[in-house]
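Dear colleague,

Here is the structure that I promised to pass on to you. Please open it beside this message, and read the notes below with it in view.

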Amino acid sequence: MKSFNIINRYILRELVYPFSISLFFLTFVFLMTRIPEITNIVVNYNADILSIALMIVYTLPRFLEFTIPMSVMISILLTFMRMSQENEIVALKGAGVSLYKLLPPVLIFCFLGVFLTMVITVFGVSWGKLSIKKKSIEIARSSIDAALQERQFNSKLEDVMIYVSQVDMKTKELKDIFIENRRTKGIISVSIAPSGRLIRLNDEQVYTIRLYNGIINQVDIEEGSVTSIQFENYDINIDLNRMNKNTGEISKDFDERSLADLVRVIRSGIKDKARLNEALMEFHEKFAIPFACLSLGLLAFPLGIQSASFRHSSGFGFGFIFFLLYYFLLTIGWSAGETGDYPAFLGMWLPDVIMGGVGIYFLVRNARERPVRFPGFAKRVLKEAKKRIKR
């Protein structure tokens with residue numbers, strides 16, 4: 001019994017190092033995808049360093065939601081591939097230790113990953129997304145430049161929606177502008193112009209959007225009338241000082257709500273079936289993704305002790321390939337569940353069941369000394385993926 005405890009502690013220690021390295025590397029890679037956006041905020045919107053640092057912190061939970069399960073799988077895969085290469089698995093088998101007796105430290109490690117990921121999905125993701133929205137609105141209200149993002153409907157300014165197809169931040173020239181103005185009670189003004197210019201007045205918090213050769217459609221809601229006005233030059237003034245005084249509650253999407261808030265909304269009754277499915281998908285996602293640590297870990301364990309053809313392969317690459325497969329199944333499940341073709345719980349949990357089931361199948365075959373044989377097309381795909389990874 002004591003020897004098994006030593007083996008379990010040894011395997012757990014061996015799992016920690018590759019997990020830490022892969023988690024740091026993958027999270028860093030995911031963060032690099034946000035560098036262009038962060039650079040854009042720094043250069044064009046004059047955001048301070050603290051705001052940028054906070055935006056990065058708020059983004060981390062969304063990345064960790066996926067990098068933790070992936071790192072759990074890669075660490076298990078690399079650890080047992082190394083043990084196989086150095087004949088440690090053979091030595092353990094020779095000492096009468098079956099593969100099933102090596103499973104407890106793997107399960108402990110997987111459940112630690114489940115717990116850590118669940119903390120992220122239940123508390124971190126919704127907090128991070130809502131914080132990003134609040135910070136984006138704060139930046140937009142401190143500088144209107146942040147609200148003029150190309151080819152996006154920007155509604156961060158209260159009662160004003162702006163769409164611009166092209167923005168030159170140096171000259172402040174605007175192309176193809178659409179502005180919906182609801183600041184006058186009972187009247188909606190829609191201004192459309194092929195070109196315009198952003199002008200900052202003496203007061204740094206007051207801006208003017210000057211439109212050229214456009215048209216204004218004014219809708220009077222009470223009278224039900226529409227007035228169209230053509231113009232050569234038209235100025236729309238935006239006072240950020242007044243907008244900053246607004247303390248209204250920010251609307252939350254389902255993925256920006258806490259677990260308790262999401263459950264409350266679901267129980268309150270959502271008449272729109274599409275929105276109900278979306279809410280249920282978000283609820284099940286908070287628990288299904290953490291359990292990917294267990295299903296992917298069970299898959300990585302037998303793959304790590306597989307035949308020689310796998311021992312010399314890139315463990316990191318295999319982990320990435322199988323995680324992509326899991327993510328592909330998750331995406332299909334999300335699409336099917338969101339449309340109502342399948343129950344929400346089935347769309348979110350089926351990828352875990354499939355990957356975990358395959359892992360158990362591989363484990364049973366390995367424990368019986370029966371090597372796992374992939375179909376021919378699967379071998380070719382893995383071989384081609386291995387070549388691309390090496391490149």
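E88 forms a salt bridge with R82, their closest N and O atoms lying 3.2 Å apart, where a salt bridge is a side-chain nitrogen of Lys or Arg within 4 Å of a carboxyl oxygen of Asp or Glu. R82 also pairs in this way with E86, at 2.8 Å between the closest N and O atoms, and a network of salt bridges links E14, R82, E86 and E88. R82 counts as partly exposed because its relative accessibility is 22% (buried means under 20% relative accessible area, exposed over 50%, and partly exposed in between, with a 1.4 Å probe and protein chains only).

This is a predicted model, in which local features need pLDDT of at least 70 and side-chain atom pairs count only at pLDDT 80 or more, while totals for chains, interfaces and linings use all residues. Residues are numbered from 1 along each chain as its sequence is written, and side-chain values use heavy atoms, with hydrogens and water left out.

Another salt bridge joins the side chains of E173 and R197, at 2.5 Å from N to O. By the rule above, the count of salt bridges comes to 10.
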